[in-house]
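Work through the exercises below with the sequence and the model open side by side. Each task is followed by a solution in steps.

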Amino acid sequence: CQIAYARVEGDVIICAAYSHELPRYGIKVGLTNYAAAYCTGLLIARRLLKKLKLDQIYEGQTEVDGDEFYVESEDGKPGAFRCYLDVGLVRTTTGARVFGAMKGAADGGLDIPHSTKRFPGYDNDSGEFNAEVHRDHIFGKHVAEYMRKLQDEDEDSFKKQFSQFIKTGVTPDNLEDTYKKVHGAIRADPEPKSRGPREVKVKRWNRAKLSKAQREDRVKQKKESFMKKLRADDDDE
């Protein structure tokens with residue numbers, strides 16, 4: 001997720017958050033599902049508001065229920081930060097993860113105009129929205145149900161498909177509590193952590209480019225070698 005504004009010379013990124021940061025908050029697997037997308041949206045919202053010193057004014061939806069939530073500006077205080085969803089080339093199907101990220105950002109305290117029509121739980125035929133279904137997706141209950149089903153039907157496939165879940169101790173029973181803890185950890189410390197300096201070992205299969213001094217020295221050596229060979233030939237004659 002990125003929050004940007006446009007300039008003639010190009011977009012300016014003012015804040016960014018990525019799902020690969022989530023292991024720091026307690027979830028090391030399933031970083032591409034709807035629940036992880038929600039966490040990433042929550043992270044960027046809290047990170048931006050903390051950067052702008054608005055995090056204490058706009059806390060967002062602290063009790064996640066999956067229902068509609070819109071932040072409103074507080075009287076006598078800086079207005080809520082408004083931004084708009086740019087889906088780019090992502091398909092806007094109902095239940096797409098991009099809407100999970102948007103919901104996380106909205107619950108995190110950002111003012112994002114939206115409706116519930118693309119959230120999981122919305123019935124297009126009846127036009128009704130079931131917030132409970134949406135909440136279950138936010139906390140990964142749909143993943144937990146599939147884990148239980150696969151475990152009962154095919155133990156070997158379960159161990160193969162969810163090997164990393166098993167390795168990290170994530171089970172269908174503790175998945176919801178895990179995401180609740182992640183939400184709390186994000187709100188407690190949303191700021192990015194520096195990775196520190198990294199040593200990059202450059203691989204190359206061709207000769208490195210010589211500097212001007214090195215090229216001149218190489219020519220000088222070749223001349224000396226050639227003259228030495230000429231003198232040796234003259235001595236032999």
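**Exercise 1. A salt bridge between loops**

Which kind of contact do the side chains of Arg 24 and Asp 189 make, and at what N to O distance?

Solution. The model is a predicted one. Step 1: the two side chains, Arg 24 and Asp 189, form a salt bridge with an N to O distance of 3.4 Å. Step 2: locate the partners. Arg 24 sits in the loop between β2 and α1, and Asp 189 in the loop between α7 and α8, so the bridge ties together parts that are 165 residues apart in sequence.

**Exercise 2. A salt bridge between helices**

Find the salt bridge that joins Arg 135 to Glu 176, and state where each partner lies.

Solution. Step 1: the N to O distance of this pair is 2.9 Å. Step 2: Arg 135 belongs to helix α3 and Glu 176 to helix α7, 41 residues apart, and the pair links distant parts of the chain. Step 3: both Arg 135 and Glu 176 are buried. Step 4: follow the shared partners. Salt bridges connect Arg 135, Asp 136, Lys 141, Glu 176 and Lys 180 in one network.

**Exercise 3. A covered helix**

How many of the residues of α2 are buried, and what do they pack against?

Solution. Step 1: 10 of the 11 residues of α2 are buried. Step 2: among them are Phe 99, Met 102, Lys 103 and Asp 107. Step 3: their packing partners are α1, α3 and α7. Step 4: Gly 109 follows α2 and has a positive phi, near 120°.

**Exercise 4. Phi of a lysine**

What is the phi of Lys 53, and is this residue buried or exposed?

Solution. Step 1: most residues other than glycine have a negative phi. Step 2: Lys 53 has a positive phi, near 60°. Step 3: Lys 53 lies in the loop between α1 and α2 (97–107). Step 4: its relative accessibility is 68%, so Lys 53 counts as exposed.

**Exercise 5. A buried loop residue**

Which residues does Val 170 touch, leaving out those up to four places away in sequence?

Solution. Step 1: Val 170 lies in the loop between α6 (163–167) and α7. Step 2: with a relative accessible area of 10%, Val 170 is buried. Step 3: Val 170 touches Val 29, Met 147, Phe 165 and Leu 175. Step 4: the C-alpha atoms of Val 170 and Ile 27 are separated by 8.9 Å, although the two are 143 residues apart along the chain.

Note on methods. Residues numbered from 1 in each chain as written. Predicted model: local features only at pLDDT ≥ 70, side-chain atom pairs only at ≥ 80, totals over all residues. Heavy atoms only, no water. Helix = DSSP H or I, 4+ residues; strand = E, 2+ residues; numbered from the N terminus. Buried < 20%, exposed > 50% of the residue type's maximum accessible area, 1.4 Å probe, protein only. Contact = heavy atoms within 4.5 Å. Salt bridge = Lys/Arg side-chain N within 4 Å of Asp/Glu carboxyl O.
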